[in-house]
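Here is a short tour for anyone who would like to find their way around this structure. Have a look at the fold first, then read on.

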Amino acid sequence: MDSAGYISEIFSSFQGEGPFVGERHIFVRFLGCSLLCGYCDTPYAMREAGPARIEEAGGGFKRLENPLTVRTVIEAVISQEIFPGFNPKLAITGGEPLEQPEFLRAMLEGLNGRFKTLLETNGILPDALLRVKDMVDIISMDFKLPSATGKGEFWDAHREFVEAAKGRELAAKAVVSRQTPTGEVEMAANILAKAAPDALFVIQPMTEKSATPSPEMLFEFYSCAKRILKNVRVIPQVHKILGVR
Ligand code: SF4
């Protein structure tokens with residue numbers, strides 16, 4: 001209970017991506033991610049620097065110096081339950097939470113199943129996933145497409161990750177840009193189909209207007225993935241449309 005880790009922010013908001021879009025969640029955003037994707041929309045959460053921003057029950061925020069103890073994080077999470085019956089899910093996000101697997105595990109052990117827990121991850125750290133898998137209810141992984149991240153290929157890591165996720169509910173997301181070839185969507189869908197054919201596959205158009213794929217491209221991506229998987233959706237980042245964090 002007394003280990004410490006790096007947190008960017010803890011707050012509650014509408015879930016803007018993936019299978020539970022529109023639900024109210026408590027978010028724990030981990031600080032630090034070594035991938036540095038070109039399209040990252042949380043650049044403030046990529047480096048281990050600065051204090052954590054914690055939403056307060058009466059409104060407003062306080063800042064706490066990093067690293068935070070497990071106890072501090074748990075108290076901050078529980079304080080986000082703003083009314084009886086609120087019953088939000090807990091979204092573990094980043095940054096990349098699986099870059100701090102021991103701290104994440106200690107935090108989830110401390111919460112002792114109080115919230116249904118969604119782990120949002122870049123999907124390239126299978127060994128770290130195995131450290132925490134039994135503590136999370138749903139794994140929401142990214143497929144990092146070379147055309148969108150500008151970071152080369154992660155197909156082998158994604159393959160291992162999907163295997164490692166077996167036994168837990170899995171959803172996957174691929175951010176697509178105007179530069180994305182259909183073959184990258186096909187590769188992601190095939191990897192998912194091999195180990196998790198029932199998993200939801202979300203095609204998420206890049207939010208930045210100049211990079212958003214055309215409607216024709218989105219129809220083509222969808223058709224390609226739907227020939228391989230049962231459960232495919234095209235969903236934009238809804239929290240950006242709503243103007244919430
Ligand atoms: S993996 Fe996620 S948090 Fe890390 S740089 Fe890419 S988009 Fe940002």
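## About the model

This is a predicted model, in which local features need pLDDT of at least 70, side-chain atom pairs count only at pLDDT 80 or more, and totals for chains, interfaces and linings use all residues. Residues are numbered from 1 along each chain as its sequence is written.

## The sheet

Ten strands form an open sheet with mixed pairing, in the order E5-E4-E2-E3-E7-E8-E9-E10-E11-E12. Strands here are DSSP runs (E, at least two residues), numbered from the N terminus, and two of them pair if DSSP finds at least two bridges between them. Strand E5 (61-64) and strand E12 (232-234) stand at the edges with a single partner strand each, so one side of each lacks a neighbour in the sheet. On average, neighbouring strands are turned by 20 degrees against each other, direction ignored (axes are lines fitted to C-alpha atoms, and angles run from 0 to 180 degrees between N-to-C directions).

## Strand pairs to look at

Strand E2 (residues 7-14) runs antiparallel to strand E3 (residues 24-30), joined by seven bridges; Phe 14 has Arg 24 as its bridge partner in E3. E2 also pairs with strand E4 (residues 52-55), in the parallel sense over two bridges, and here Glu 9 is partnered by Arg 53.

Strand E10 (residues 169-176) and strand E11 (residues 200-205) are parallel, with six bridges. Lys 173 has Val 202 as its bridge partner in E11.

Notes: Helices (H or I, at least four residues) and strands (E, at least two) are DSSP runs, numbered from the N terminus.
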